[in-house]
Structure formats: structure tokens, C-alpha cells
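Morning, everyone. I will take you through one structure today. Please have a look at the screen before I start.

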There are 2 protein chains.
Amino acid sequence: MARPRQIDRAGILEASLAIADERGLDAVTMQAVADRLGVTPMALYRHVKNKADLLDGLVETLLAEFALGTDDLPWDEQLAAFGRGVRASARRHPGAFALVLQLPASTPEARKTRERVYLALRQFGVAEADIPRAERLISTLVLGFAASEAAGRFRGHSRAVIDADYAALEELVGTYLAGLIA
Amino acid sequence: MARPRQIDRAGILEASLAIADERGLDAVTMQAVADRLGVTPMALYRHVKNKADLLDGLVETLLAEFALGTDDLPWDEQLAAFGRGVRASARRHPGAFALVLQLPASTPEARKTRERVYLALRQFGVAEADIPRAERLISTLVLGFAASEAAGRFRGHSRAVIDADYAALEELVGTYLAGLIA
DNA sequence: ACCTGAACACCGTTCAAGT
DNA sequence: ACCTGAACACCGTTCAAGT
């Protein structure tokens, strides 16, 4: 099978994510990514600015996964589904997930993700003035949990125990939201 | 002033942390650490196993900071003081703090930190059976918040806004604990 | 015992050159 | 337009050699 020589940014990110999944974030070198695409490392620089830009792209890819398949859910399940989506993404990409907490402020995808949570909170009945803080808090808690799980901080505990931990976090957030609405 | 040539692990960690504080985690190279100690990079290998070991040591140093000066506080303030200690450490060491969430499972200092939170929860009246989960949850939330703050995820918001976010998190944890005790 | 010099394999990145 | 070869400065790490 002849390798396609024409590469693009999406293909570079896909290859990078695959390497991170298989061999960890440290294995994501320009050389390794190029190898997987059948190209020399220098060829990558036409499509990504540099390695930092490549890693930024990786974060964007992960963020886009968070809301996967939550669109056609009833509004009162959207927020919970989003949280589960974050966790699922972390479990699929444990190597790359650490990057998500180091977000470069406000990329387009980060903005989109935030707006989605805003919408869910609005539908929940949270007052407009409380929405930004609720979003920051909820996102931080869920991302912190998922990042911990991905990094193996809960290693040594069974999946059942970790799932119960997450259920407790979900309940906590539920209580918080109930308090905001009351 | 003649440089001291005799180096040790503690001095290496101190120099590494100083570099991380001043120029970020990426600036912590064996060369940079050695330079700061007036020594060649190869000299470090007698005192740290390798770079990963050096970074592990950095995490241990940070963990030890969390409970700084909370020892002689009344028991009902210990937990809150611990949370503030985590945040203070994150603000002192924004470059290195990201490493804390990637903890290598269960180092001595991590165990000590966990036991301290256990004790506070016990004094609070949390049932023995609920303590491990409560510790995991509370530590994860506080570390996630502090890591986000250190990484600049809240950049663009004033210190007052971030402090109010943290106050909301404290209240949330308070509600959670009240629920466990009731 | 502790540090150094020399060396190695591997990084990210640039630039001129090829097609 | 897109990829490559050659080159550069910089990594972490090893090992034999110095004191």
C-alpha cells in the first residue's frame, strides 16, 4: 500500500493523537508524527507552526469530543451527558488529556465548549448573572476529575469505586445547581 | 563569592523549583539546574536518578508546602486552611504546579498529605467508611481548581472574581460535608 | 566520594534546494 | 505548492577518567 504523500493539519493531529494514545505524550515527537505519515519531520512545518501549535491542535481535537452525541438529548440531560463526555474523552486519550487543563486561554473550540455549557445552564433555569461562574466551577471540577483519572491518580481503585466517586461529584454539582435556582 | 561545589538532592530541587518559578517548567533542563549550582549536568546524576526523578522530587516539595502553618489551627479550620495552602502553593509555583496532578500514585509525601486530610475529616465527624471517598473528591476539586488557576485558565478574570469562584467551591465542599455528617 | 570530558542518540527548527 | 537534505543548537544520559 503506497503511502499518501499529501498531508494536512487534520491528518497530522490524528497521527499525533494516535501516538499519544499508544505510547504517551512524550512519544509525540515531530519525527514520530512524520514517520507515521510517511514523510520527513520538516514537512510538518508547512501545516503546523511548530510543536506548541501541534499540541494546541491536539487540545482542540479533545475539546471537540466532549459534547459528541449530546446534541439530541433532552435539555435536562445535556449537562450530565457533557460531563460523561469529558470523562470518556479522558479515558480514550489518557496521554494527551493533561494538555486540556493547560488550555491556551480562549481558542475557538474552547469558546464553543463554554457556550454549550452556558446554554445548558440557561435551560436549567440558572440566572444569567450566575452562569459564567457556574460554568467555570463545573468545568473546573469535571476537568479536574477527568484529568486525575487520566493521569492515574486513582490507580489502585477499581473502576466501580471511581465511578461511584464521579457519581458523588455529579450529585454535588446537582446540589449546587439546585441552590442556584432556588 | 566562591560557589559551593558540594551539591545535594535538596539543593538540586531548590534550584529546579527556582528555575520553574522564574522561567517555566520547560526551562528546567539538567543543564540549567547544573548551571545554577555551578556544576556540570553530569554531576546531578549522583543525587537524582534521572530527570523524571528530579520532577518527582519537585512534586514532593510542592506537596510538603500544602499544609504549611496549618498545624496549630483549630480542627474546624484545618481543612479550609489546607485548601488555601494548596492554592497559595499553586500561585507561588505556577510553572511546576501542573506536575502535581500527574502524581506518581503514592509517594511518601502524598501519603502524608492524604493522612492529614483524613484526620481533618475524622475530626469533622465524617464516618470512617466515607473518609477515603471524601478525601479523593475534595483533593481532586481543590487541586483541579489550583491547577487551573496556575495554568492561567482563569486569565482574563480579576483576582477578586477568582477568589469568589474559590469561595463558591469552599461553600460547595461545606455543603457536601454537612450532608455526610447529617 | 564526587565531579568532569568526551561521546551518543535524539530533540525542534531553519533554510536553501529540489520536484 | 509541497517535500527533502543538510545543518544548528540543544536535549538527557553513559562511562571512563580525573581529583
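A definition before anything else: a helix axis here is a line fitted to C-alpha atoms over the stretch in contact, and angles run from 0 to 180 degrees between N-to-C directions. Helices themselves are DSSP runs of H or I with at least four residues, strands are runs of E with at least two, and both are numbered from the N terminus.

Some housekeeping. This is a predicted model, where local features need pLDDT of at least 70, side-chain atom pairs count only at pLDDT 80 or more, and totals for chains, interfaces and linings use all residues. Residues are numbered from 1 along each chain as its sequence is written, chains are lettered from A and ligands numbered from 1 in the order in which they are written, and side-chain values use heavy atoms, with hydrogens and water left out.

Now chain A as a whole. How many helices and strands does chain A have? Eight helices, zero strands. Read from the N terminus, the order is α-α-α-α-α-α-α-α. The C-alpha trace spans about 60 × 40 × 30 Å along its principal axes.

Next, burial. Buried means under 20% relative accessible area, exposed means over 50%, and partly exposed is in between, with a 1.4 Å probe and protein chains only. Chain A has 182 residues, and 49% of them are buried. The chain exposes about 8900 Å², with 55% of that supplied by carbon and sulfur atoms. Those areas come from the Shrake-Rupley method with a 1.4 Å probe; for residues, only the protein chains shown count as cover.

Contacts next. A contact means heavy atoms within 4.5 Å. Take the contacts in chain A with a separation of 6 or more: 68% of them join residues 24 or more positions apart.

Now to where the chains meet. At what angle do helix α7 of chain A and helix α8 of chain B cross? Roughly 60 degrees, with the axes coming within 10 Å. On the α7(A) side, the contact is made by Arg133(A), Arg136(A), Leu137(A) and Leu141(A). On the α8(B) side, the residues include Asp165(B), Ala168(B) and Leu172(B). The crossing of α7(A) and α8(B) is right-handed.

Asp165(A) lies in helix α8 of chain A. Is Asp165(A) buried or exposed? It counts as buried, because its relative accessibility is 1%. Leaving out residues up to four places away in sequence, Asp165(A) touches Phe145(A) in its own chain, plus Arg133(B), Arg136(B) and Leu137(B).

Ala160(A) is in helix α8 too. Ala160(A) is exposed, because its relative accessibility is 57%. Its C-alpha is 36 Å from that of Val33(A), 127 residues away along the chain.

Val33(A) takes us to helix α2 of chain A, residues 30–37. Buried there are Met30(A), Ala32(A), Val33(A), Ala34(A) and Leu37(A). Their cover includes α1 (9–23) and α3 (51–66) of chain A. Just after α2(A) comes Gly38(A), with a positive phi of about 70 degrees.

On to α3 of chain A, which holds Thr61(A). Thr61(A) is partly exposed, because its relative accessible area is 28%. Setting aside residues up to four places away in sequence, Thr61(A) touches Leu13(A) and Leu17(A).

Then helix α6 of chain A, residues 108–124, where Thr113(A) lies. Thr113(A) counts as buried, because its relative accessibility is 11%. Beyond residues up to four places away in sequence, Thr113(A) touches Leu63(A), Phe66(A) and Phe82(A).

Chain B, to finish. Leu63(B) sits in helix α3 of chain B. What does Leu63(B) touch, not counting residues up to four places away in sequence? The list includes Val100(B), Leu103(B) and Thr113(B). Leu63(B) is buried, because its relative accessibility is 6%.

Last one: Val28(B), in the loop between α1 and α2 of chain B. Val28(B) is buried, because its relative accessibility is 1%. Its contacts, not counting residues up to four places away in sequence, include Ile19(B), Val33(B) and Leu54(B).

How values were computed:
Left-handed = near helix turned anticlockwise from the far one by under 90°.
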